Amino acid sequence: MTGTPIANDIRRLRFERGEMTQQGLADACGVTRQTIIALEAGRYAPSLELAFRIARAFGVGIEEVFRWEDA
Amino acid sequence: MSAGRDAMPAAFGERFARNAAAGMAGLGLFAAIAVVVQGGLFPFVSTAACLALSYFFRRRARQDEAGGRRAVEDERDRAFVARGDRVFRLAASTWMVGLAAALAVPPVREVLAVPALRVPGLLLLGVAVANAAGHATVAALYRRDRA
(Lines give C-alpha, C1' and ligand atoms only; values in the text may rest on other atoms or scores of the structure.)
Protein backbone atom coordinates (compact mmCIF):
# COMPACT_ATOMS: atom_id res chain seq x y z
CA MET A 1 0.00 0.00 0.00
CA THR A 2 2.99 2.27 -0.26
CA GLY A 3 4.76 3.75 -3.25
CA THR A 4 1.78 3.80 -5.57
CA PRO A 5 2.40 4.97 -9.15
CA ILE A 6 -0.94 6.78 -9.10
CA ALA A 7 -0.32 10.47 -8.42
CA ASN A 8 -3.07 12.96 -7.73
CA ASP A 9 -3.88 16.65 -7.45
CA ILE A 10 -6.27 16.40 -4.54
CA ARG A 11 -4.45 18.96 -2.44
CA ARG A 12 -4.38 21.52 -5.25
CA LEU A 13 -8.03 20.92 -6.04
CA ARG A 14 -8.97 21.38 -2.39
CA PHE A 15 -7.22 24.74 -2.32
CA GLU A 16 -8.89 25.78 -5.55
CA ARG A 17 -12.26 24.90 -4.02
CA GLY A 18 -12.00 27.52 -1.29
CA GLU A 19 -9.62 25.57 0.92
CA MET A 20 -11.96 22.65 1.32
CA THR A 21 -10.84 20.74 4.38
CA GLN A 22 -9.68 17.15 4.29
CA GLN A 23 -12.59 16.25 6.54
CA GLY A 24 -14.99 18.01 4.21
CA LEU A 25 -13.73 16.03 1.26
CA ALA A 26 -13.77 12.82 3.31
CA ASP A 27 -17.40 13.42 4.29
CA ALA A 28 -18.33 14.18 0.68
CA CYS A 29 -16.78 10.88 -0.44
CA GLY A 30 -17.86 8.71 2.51
CA VAL A 31 -14.34 7.89 3.67
CA THR A 32 -12.21 8.76 6.69
CA ARG A 33 -9.92 11.80 6.89
CA GLN A 34 -6.99 9.39 7.30
CA THR A 35 -7.66 8.02 3.82
CA ILE A 36 -7.61 11.51 2.30
CA ILE A 37 -4.31 12.20 4.08
CA ALA A 38 -2.85 8.92 2.79
CA LEU A 39 -4.05 9.72 -0.74
CA GLU A 40 -2.53 13.19 -0.72
CA ALA A 41 0.75 11.77 0.55
CA GLY A 42 0.76 9.23 -2.29
CA ARG A 43 0.72 6.30 0.10
CA TYR A 44 -2.57 4.81 -0.99
CA ALA A 45 -4.04 3.93 -4.37
CA PRO A 46 -7.83 4.32 -4.26
CA SER A 47 -10.33 1.92 -5.71
CA LEU A 48 -11.95 2.97 -8.97
CA GLU A 49 -15.15 3.76 -7.11
CA LEU A 50 -13.41 6.06 -4.63
CA ALA A 51 -11.50 7.75 -7.44
CA PHE A 52 -14.79 8.55 -9.15
CA ARG A 53 -16.30 9.77 -5.86
CA ILE A 54 -13.40 12.16 -5.35
CA ALA A 55 -13.60 13.45 -8.90
CA ARG A 56 -17.34 14.01 -8.51
CA ALA A 57 -16.80 15.86 -5.24
CA PHE A 58 -14.62 18.32 -7.15
CA GLY A 59 -16.93 18.38 -10.16
CA VAL A 60 -14.20 17.33 -12.57
CA GLY A 61 -13.28 14.26 -14.56
CA ILE A 62 -11.26 11.48 -12.98
CA GLU A 63 -8.28 12.22 -15.24
CA GLU A 64 -8.06 15.73 -13.80
CA VAL A 65 -7.53 14.30 -10.33
CA PHE A 66 -5.46 11.17 -10.91
CA ARG A 67 -2.67 10.35 -13.30
CA TRP A 68 -0.24 7.51 -13.79
CA GLU A 69 3.35 8.36 -13.01
CA ASP A 70 6.13 6.05 -14.11
CA ALA A 71 8.73 5.57 -11.43
CA MET B 1 -8.91 22.48 10.54
CA SER B 2 -6.35 23.65 8.10
CA ALA B 3 -6.20 22.53 4.54
CA GLY B 4 -2.42 22.65 4.75
CA ARG B 5 -0.17 20.45 6.90
CA ASP B 6 -1.67 17.22 8.06
CA ALA B 7 -0.86 15.28 11.16
CA MET B 8 -2.60 11.96 10.68
CA PRO B 9 -4.62 11.10 13.77
CA ALA B 10 -4.93 7.46 14.74
CA ALA B 11 -7.92 5.92 12.99
CA PHE B 12 -10.55 3.85 14.76
CA GLY B 13 -9.12 0.71 13.19
CA GLU B 14 -5.62 1.46 14.48
CA ARG B 15 -6.77 2.18 18.02
CA PHE B 16 -8.93 -0.94 18.05
CA ALA B 17 -6.14 -3.12 16.63
CA ARG B 18 -3.69 -1.90 19.28
CA ASN B 19 -6.13 -2.54 22.12
CA ALA B 20 -7.24 -5.88 20.71
CA ALA B 21 -3.65 -7.08 20.22
CA ALA B 22 -2.86 -6.24 23.85
CA GLY B 23 -6.11 -7.83 25.03
CA MET B 24 -5.54 -11.02 23.06
CA ALA B 25 -1.94 -11.26 24.27
CA GLY B 26 -3.22 -10.97 27.85
CA LEU B 27 -5.92 -13.55 27.19
CA GLY B 28 -3.32 -15.89 25.71
CA LEU B 29 -1.12 -15.48 28.77
CA PHE B 30 -4.10 -16.15 31.01
CA ALA B 31 -5.02 -19.26 29.01
CA ALA B 32 -1.44 -20.53 29.07
CA ILE B 33 -1.19 -20.27 32.85
CA ALA B 34 -4.73 -20.94 34.07
CA VAL B 35 -5.84 -23.51 31.49
CA VAL B 36 -2.79 -25.22 29.98
CA VAL B 37 -0.62 -25.34 33.11
CA GLN B 38 -3.18 -25.36 35.93
CA GLY B 39 -6.07 -26.99 34.04
CA GLY B 40 -8.84 -24.82 35.46
CA LEU B 41 -12.31 -25.39 34.05
CA PHE B 42 -13.62 -21.87 34.75
CA PRO B 43 -10.64 -20.19 33.05
CA PHE B 44 -11.18 -22.53 30.10
CA VAL B 45 -14.83 -21.55 29.77
CA SER B 46 -14.14 -17.84 30.24
CA THR B 47 -11.32 -17.88 27.65
CA ALA B 48 -13.58 -19.68 25.17
CA ALA B 49 -16.36 -17.15 25.83
CA CYS B 50 -14.00 -14.20 25.28
CA LEU B 51 -12.80 -15.65 21.99
CA ALA B 52 -16.34 -16.41 20.86
CA LEU B 53 -17.46 -12.86 21.65
CA SER B 54 -14.41 -11.11 20.18
CA TYR B 55 -16.21 -10.47 16.89
CA PHE B 56 -18.92 -8.55 18.74
CA PHE B 57 -16.34 -6.48 20.65
CA ARG B 58 -15.32 -4.90 17.36
CA ARG B 59 -18.88 -4.34 16.25
CA ARG B 60 -19.70 -2.70 19.56
CA ALA B 61 -16.61 -0.48 19.50
CA ARG B 62 -17.46 0.56 15.96
CA GLN B 63 -21.01 1.45 16.96
CA ASP B 64 -19.69 3.53 19.85
CA GLU B 65 -17.33 5.36 17.50
CA ALA B 66 -19.93 6.10 14.83
CA GLY B 67 -21.57 9.17 16.28
CA GLY B 68 -22.69 11.19 13.28
CA ARG B 69 -22.64 10.78 9.54
CA ARG B 70 -18.87 10.58 9.29
CA ALA B 71 -17.32 7.37 8.07
CA VAL B 72 -15.53 5.35 10.74
CA GLU B 73 -13.95 2.86 8.35
CA ASP B 74 -13.52 2.65 4.61
CA GLU B 75 -11.75 0.64 1.92
CA ARG B 76 -8.29 1.48 3.25
CA ASP B 77 -9.18 0.15 6.70
CA ARG B 78 -10.70 -2.96 5.16
CA ALA B 79 -7.47 -3.57 3.24
CA PHE B 80 -5.49 -3.47 6.52
CA VAL B 81 -7.97 -5.78 8.25
CA ALA B 82 -7.81 -8.20 5.32
CA ARG B 83 -4.02 -8.43 5.69
CA GLY B 84 -4.44 -8.99 9.43
CA ASP B 85 -6.93 -11.77 8.67
CA ARG B 86 -4.35 -13.45 6.44
CA VAL B 87 -1.81 -13.38 9.27
CA PHE B 88 -4.47 -14.77 11.64
CA ARG B 89 -5.19 -17.68 9.29
CA LEU B 90 -1.50 -18.40 8.82
CA ALA B 91 -0.79 -18.30 12.58
CA ALA B 92 -3.84 -20.40 13.47
CA SER B 93 -3.05 -22.98 10.79
CA THR B 94 0.58 -23.20 11.86
CA TRP B 95 -0.40 -23.64 15.49
CA MET B 96 -3.01 -26.33 14.75
CA VAL B 97 -0.71 -28.27 12.42
CA GLY B 98 2.09 -28.06 14.98
CA LEU B 99 -0.19 -29.30 17.74
CA ALA B 100 -1.51 -32.09 15.53
CA ALA B 101 2.05 -33.11 14.67
CA ALA B 102 3.00 -33.06 18.35
CA LEU B 103 0.01 -35.22 19.24
CA ALA B 104 1.07 -37.75 16.63
CA VAL B 105 4.32 -38.42 18.49
CA PRO B 106 3.59 -40.90 21.33
CA PRO B 107 5.87 -39.43 24.06
CA VAL B 108 4.63 -35.88 23.41
CA ARG B 109 1.03 -37.13 23.26
CA GLU B 110 1.35 -38.68 26.68
CA VAL B 111 2.75 -35.51 28.20
CA LEU B 112 0.10 -33.32 26.61
CA ALA B 113 -2.83 -35.61 27.29
CA VAL B 114 -2.44 -36.19 31.04
CA PRO B 115 -4.38 -33.19 32.42
CA ALA B 116 -7.89 -33.23 30.97
CA LEU B 117 -7.87 -29.64 29.73
CA ARG B 118 -4.33 -29.37 28.40
CA VAL B 119 -5.07 -30.11 24.75
CA PRO B 120 -8.31 -28.07 24.63
CA GLY B 121 -6.42 -25.31 26.41
CA LEU B 122 -3.66 -25.43 23.81
CA LEU B 123 -6.28 -25.15 21.07
CA LEU B 124 -7.77 -22.06 22.69
CA LEU B 125 -4.31 -20.64 23.26
CA GLY B 126 -3.59 -21.05 19.56
CA VAL B 127 -6.69 -19.07 18.62
CA ALA B 128 -5.75 -16.32 21.09
CA VAL B 129 -2.18 -16.16 19.79
CA ALA B 130 -3.38 -16.07 16.17
CA ASN B 131 -5.82 -13.28 17.04
CA ALA B 132 -3.07 -11.32 18.76
CA ALA B 133 -0.83 -11.78 15.71
CA GLY B 134 -3.57 -10.61 13.35
CA HIS B 135 -4.41 -7.51 15.38
CA ALA B 136 -0.73 -6.68 15.88
CA THR B 137 -0.22 -6.90 12.11
CA VAL B 138 -3.08 -4.48 11.49
CA ALA B 139 -1.72 -2.07 14.13
CA ALA B 140 1.76 -2.29 12.56
CA LEU B 141 0.38 -1.58 9.08
CA TYR B 142 -1.41 1.53 10.33
CA ARG B 143 1.70 2.65 12.15
CA ARG B 144 3.88 2.16 9.08
CA ASP B 145 1.38 4.07 6.97
CA ARG B 146 1.44 7.01 9.39
CA ALA B 147 5.22 7.17 9.57
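## Packing of α2 and α3 in chain A

In this predicted model, helix α2 (residues 22–29) of chain A packs against helix α3 (residues 33–40) of chain A at an angle of about 110°, and their axes lie 8 Å apart; axes are lines fitted to C-alpha atoms, for helices over the stretch in contact, and angles run from 0 to 180 degrees between N-to-C directions. The two helices α2(A) and α3(A) are therefore roughly perpendicular to each other, a label given to angles of 65 to 115 degrees, whereas those under 35 count as roughly parallel, those over 145 as roughly antiparallel and the rest as oblique. On the α2(A) side the contact is made by Gln22(A), Gln23(A), Leu25(A) and Ala26(A), and on the α3(A) side by Arg33(A), Thr35(A), Ile36(A) and Ile37(A), where contact requires C-beta atoms, placed from the backbone, to lie within 7 Å. The residues of this contact of α2(A) with α3(A) divide into 4 nonpolar, 3 polar and 1 charged (Ala, Val, Leu, Ile, Met, Phe, Trp, Tyr, Cys and Pro count as nonpolar, Asp, Glu, Lys and Arg as charged, and the others, Gly among them, as polar).

Residues are numbered from 1 along each chain as its sequence is written, while chains are lettered from A and ligands numbered from 1 in the order in which they are written. Since the model is predicted, local features need pLDDT of at least 70 and side-chain atom pairs count only at pLDDT 80 or more, although totals for chains, interfaces and linings use all residues.

## Overall form of the two chains

Chain A has 4 helices and 2 strands, following the pattern β-α-α-α-α-β along the sequence; helices (H or I, at least four residues) and strands (E, at least two) are DSSP runs, numbered from the N terminus. Its C-alpha trace spans about 30 × 20 × 20 Å along the principal axes, and the radius of gyration of chain A, 11 Å, agrees with the value near 11 Å of a compact globule with 71 residues (taken over C-alpha atoms, with a globule rule of 2.2 Å times the number of residues to the power 0.38).

Chain B, by contrast, comes to 5 helices and 0 strands, and its C-alpha atoms fill a box of roughly 65 × 25 × 20 Å along the principal axes.

## Burial and nonpolar cores

Buried residues make up 29% of chain B and 32% of chain A; a residue is buried if 20 or more other C-beta atoms lie within 10 Å of its own, exposed if 12 or fewer, and partly exposed in between, with C-beta atoms placed from the backbone. The largest nonpolar core has 26 residues, among which Ala17(B), Ala31(B), Leu125(B), Ala128(B), Val138(B) and Tyr142(B) touch the most other members (a core is a set of buried Ala, Val, Leu, Ile, Met, Phe, Trp, Tyr and Cys residues joined through C-beta atoms within 7 Å). Two or more residues come from each of α1 (12–37), α3 and α5 (118–146) of chain B, and α5(B) gives the most, with 13 residues.

A second, separate core of 15 residues includes Val31(A), Ile36(A), Ala38(A) and Ala55(A).

## Interface between the chains

Across the interface, 13 residues of chain B are in contact with 21 residues of chain A. Helix α3 (residues 75–104) of chain B supplies the largest share of the chain B side, 3 residues, and the residues of that side divide into 6 nonpolar, no polar and 7 charged.

Terms used. Contact = placed C-beta atoms within 7 Å.
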